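Hi there,

Here is the structure I promised to pass on. Have a look at it first, and my notes follow below.

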Amino acid sequence: AAELDASREQAKQMTARLEKAQSELEEQRASTAALARKRSIMAAEAQSSVEEKLSEAMAAREELQGQVSQEQHAHRSAAAELDASREQAKQMTARLEKAQSELEEQRASTAALARKRSI
């Protein structure tokens, strides 16, 4: 009977230890699950933040590309206007030189006529 009592006492202690270990294991599992949920939430927030910043950066890039495109167009337009102005100036210079040449010829002709009359 004493052996049976000792065996029962030992079984009772082992059962208590087993229940305590199971309780600790459940607490550990609950803690691990809570940490996993927290990590998942933090990862989702970080992902959202990265996506938002990426979206902002892409929008800024598109805006800058638009500005560069406008500036390039304005530069090309200004260059075309400058080329047209240069061509116009070249044509006006040619007309002026022609008019000066004609004036010189007319002066020479007038001077020749004046010399003939005076003779």
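A residue counts as buried here when its relative accessible area is under 20%, and as exposed when that value is over 50%. By that cut-off, buried residues make up 0% of the 119 residues in this protein. Please keep in mind that the model is predicted.

On the overall fold: the protein has 1 helix and 0 strands. Its radius of gyration is 51 Å, well over the 14 Å from the globule rule for 119 residues, so the protein is more spread out than a compact globule. Along the principal axes, the C-alpha atoms fill a box of roughly 175 × 15 × 10 Å. The accessible surface comes to about 11100 Å², and carbon and sulfur atoms account for 55% of that.

Now the charges. The protein carries 19 positive and 21 negative charges, and their mean positions lie 11 Å apart. The structure holds 3 salt bridges, which I take in turn:

- Glu26 and Arg29 meet at 3.4 Å, N to O. Both belong to helix 1 (residues 2-118), 3 residues apart, or about one turn. Glu26 is partly exposed, at 47% relative accessible area.
- Asp83 pairs with Arg86, with 4.0 Å between the closest N and O atoms. They are 3 residues apart in helix 1, so about one helical turn separates them. Asp83 is partly exposed at 47%, while Arg86 is exposed at 53%.
- Arg107 and Glu104 meet at 3.6 Å, N to O. Being 3 residues apart in helix 1, they too are separated by about one helical turn. Glu104 is partly exposed, at 48%.

Best wishes

Notes:
Residues numbered from 1 in each chain as written. Predicted model: local features only at pLDDT ≥ 70, side-chain atom pairs only at ≥ 80, totals over all residues. Heavy atoms only, no water. Helix = DSSP H or I, 4+ residues; strand = E, 2+ residues; numbered from the N terminus. Rg over C-alpha atoms; globule rule 2.2 N^0.38 Å. Buried < 20%, exposed > 50% of the residue type's maximum accessible area, 1.4 Å probe, protein only. Areas by Shrake-Rupley, 256 points an atom, 1.4 Å probe, with all protein chains shown as cover. Lys, Arg positive; Asp, Glu negative; His and termini not counted. Charge placed at Lys NZ, Arg CZ, Asp CG, Glu CD. Salt bridge = Lys/Arg side-chain N within 4 Å of Asp/Glu carboxyl O.
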